[in-house]
Amino acid sequence: MSQPDPYVNLHLEASGIDLSGEFKFPAILTGTVNVQGNMHHYEGSFSLKQHSAMPSWRDVQATGSFAGDRSQAIIRDMNGRFLGGTFKGGIALLWEKDRRLSWDLKTVNMDPAWLKADLQGRVNLNTTGFLRWSGMNLTEGDLKAKLIDSVFQRGKCSMVELLAFRLHRFAPAAYVGDAGAQHADLAVLADLDLKLAVVDHLHH
C-alpha cells in the first residue's frame, strides 16, 4: 500500500539573494513564498522583487497566489510593477502531456524610456495567449496583444489592436554549422496568420 504524499506548510524568505550567475545579468531577489499542501494539491502566495544594484528595465516585483497539483500550476490574482508601470493577471503551466503555458496580463502606464531613453510615452497593453511544446519543440502558439489609450512620442493610440497571430505546426529544422555538426535548435514556421489593425489613431 503506497504511502500518502507528505503534507507541508512552508514559509520561504529571500533577502538579497544574488542571482547574477544564473541569469547572466545583475539580479537580486528579495521576498517571501508561502506554500501548503502536497503534490496532489498545493496552494500558496508570494511577494517577490527582482532588482539590480542600479535601476534597470529588468527590475520587476509581483505579488499573487498560486495553486497546483502533479500536472499543473496556476498563478492567479497577480499584481506587480514593471517598466515604471503596473500589471495584473494570471499565468498557467500544464505538463501532464505536452507542456502548455498560457497567460492573461494587463499592463498600465509602462514607460518605454526604461528600454531606450529616446522612446517617450506611456503604454497600456493587454495580452493573452498560449505556447505549447512537445519535447523540446514548440508546436503551437497563439498571441493577442492590444494597446489601449497609449501615447508614443507625439501620437496617441486609442484601442489599437497591435498584434494578433496564430502559430501552427512548428517543425524542427536542421542546419550545418561551421564545424559540420548537425543542429536542430531552429524552428520552421509552417503556417502563420498575421493580422495588424489600427482601430483609431489620433495625432496631437
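A: Start with the term pocket. Lining residues have an atom within 4 Å of a point. This is a predicted model: local features need pLDDT of at least 70, side-chain atom pairs count only at pLDDT 80 or more, and totals for chains, interfaces and linings use all residues. Residues are numbered from 1 along each chain as its sequence is written, and side-chain values use heavy atoms, with hydrogens and water left out.

Q: Which residues line the second largest pocket?

A: The lining consists of K49, Q50, S56, D59, V60, Q61, R81, F82, L83, G84 and W114. The space inside is about 150 Å³. A volume here is the space filled by probe spheres set on the grid points, which are joined across faces, edges and corners.

Q: Which strands each supply at least two residues of that second largest pocket's lining?

A: Strands are DSSP runs of E with at least two residues, numbered from the N terminus. Strand 3 (41-51), strand 4 (60-68) and strand 5 (72-82) each supply at least two residues here.

Q: How do I read the lining of the second largest pocket by class?

A: Sort the residues into three classes. Ala, Val, Leu, Ile, Met, Phe, Trp, Tyr, Cys and Pro are nonpolar; Asp, Glu, Lys and Arg are charged; the others, Gly among them, are polar. In the second largest pocket the lining has four nonpolar, four polar and three charged residues.

Q: How many residues line the largest pocket, and which lie nearest its centre?

A: There are 16 lining residues, and F82, L83, T107, M110 and L125 lie nearest the centre. Strand 7 (99-110) and strand 8 (121-134) are the elements that give two or more residues to this lining. The largest pocket holds about 260 Å³ of space. By class, its lining has 13 nonpolar, two polar and one charged residues.

Q: L83 came up in both linings. Is L83 buried or exposed?

A: L83 counts as buried because its relative accessibility is 9%. L83 sits in the loop between strand 5 and strand 6 (85-94). Check its backbone too. Phi of L83 is near 50°, a positive value in a residue other than glycine.

Q: Where does D149 lie?

A: D149 is in the loop between strand 9 (137-147) and strand 10 (150-152). D149 also has a positive phi, about 45°, although it is not a glycine. Its relative accessible area is 40%, so D149 is partly exposed.

Q: Which residues make the nonpolar surface patch?

A: A patch takes residues with over 30% relative accessible area and no salt bridge; nonpolar side chains (Val, Leu, Ile, Met, Phe, Trp, Tyr) are joined within 5 Å, like charges within 9 Å. Areas come from the Shrake-Rupley method with a 1.4 Å probe, and for residues only the protein chains shown count as cover. Here W57, W114, L115 and L119 make a patch of about 380 Å². W57 lies in the loop between strand 3 and strand 4. W57 is partly exposed, at 38% relative accessibility.

Q: How many salt bridges does the structure hold?

A: Side chains of opposite charge can pair when their charged atoms come close. The cut-off: a side-chain nitrogen of Lys or Arg within 4 Å of a carboxyl oxygen of Asp or Glu. The structure holds two. D104 and K106 meet at 3.6 Å, N to O. R132 pairs with E140, with the closest N and O atoms 2.5 Å apart. R132 is partly exposed at 23% relative accessibility, and E140 is partly exposed at 21%.

Q: How far apart are the C-alpha atoms of T63 and M78?

A: T63 and M78 are 15 residues apart along the chain, and their C-alpha atoms are separated by 5.5 Å. T63 is in strand 4. A67 lies in strand 4 as well. A67 and A92 are 25 residues apart in sequence and 9.7 Å apart, C-alpha to C-alpha.

Terms used. On a 1 Å grid over the protein atoms alone, a cavity is a set of points where a 1.4 Å probe fits but cannot get out, and a pocket is an open set with protein on both sides within 12 Å along at least five of seven lines; lining residues have an atom within 4 Å of a point. Helices (H or I, at least four residues) and strands (E, at least two) are DSSP runs, numbered from the N terminus. Buried means under 20% relative accessible area, exposed over 50%, partly exposed in between (1.4 Å probe, protein chains only).
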